[in-house]
Amino acid sequence: MPVPFEALIPFGIITAMFAVTGTGLTVVRYYSNDRKPTRFGLDTWERQMMERDRRLTGSVRGQSSEPIAPAEFATNSVWYLEKPRST
């Protein structure tokens, strides 16, 4: 029993929409990761290093080759609720 051609038009539209949304999601992830591929299977160490890179450079994917951290890094902490100790 042949498939009527009328069923192929909606099937083509649905397939095209899945392709458009998939490609759009890939492009958005690519540009939000500073034009680098998305990271998969991150462990705790990699997440901590990503947080450190974000605090140093302002970008999760950015890295710094400077041996000394900038002065702002001393007060830029992941502990947002903790008050600094007065000495």
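This is a predicted model: local features need pLDDT of at least 70, side-chain atom pairs count only at pLDDT 80 or more; totals for chains, interfaces and linings use all residues.
Biologist: With which residue does R52 form a salt bridge, and how far apart are the closest N and O atoms?

Modeller: R52 pairs with D53, and their closest N and O atoms are 3.1 Å apart; D53, at 6% relative accessibility, counts as buried.

Biologist: How many salt bridges does the structure hold?

Modeller: There are 2 salt bridges, and one of them joins E51 to R54, with 2.6 Å between the closest N and O atoms. Both E51 and R54 belong to helix α2 (residues 44-57), where a spacing of 3 residues is about one turn of the helix. E51 is partly exposed at 26%, and R54 is likewise partly exposed at 29%.

Biologist: What should the 28 residues of helix α1 span, and how far apart are its end C-alpha atoms?

Modeller: The expected span is 1.5 Å times one less than the number of residues, so helix α1 (residues 5-32) should span 40 Å, and the 41 Å between its end C-alpha atoms agrees with that. After α1 comes D34, whose phi is positive, near 55°.

Biologist: Which residues does the UniProt annotation "transmembrane region" cover?

Modeller: According to the unreviewed UniProt entry, that annotation covers residues 12-31, a stretch that is 100% helix and 0% strand in this model.

Key:
Residues are numbered from 1 along each chain as its sequence is written. Side-chain values use heavy atoms; hydrogens and water are left out. UniProt positions are given in the numbering used here, feature names are shortened, and annotations may be inferred rather than shown by experiment. Helices (H or I, at least four residues) and strands (E, at least two) are DSSP runs, numbered from the N terminus. A salt bridge is a side-chain nitrogen of Lys or Arg within 4 Å of a carboxyl oxygen of Asp or Glu. Buried means under 20% relative accessible area, exposed over 50%, partly exposed in between (1.4 Å probe, protein chains only).
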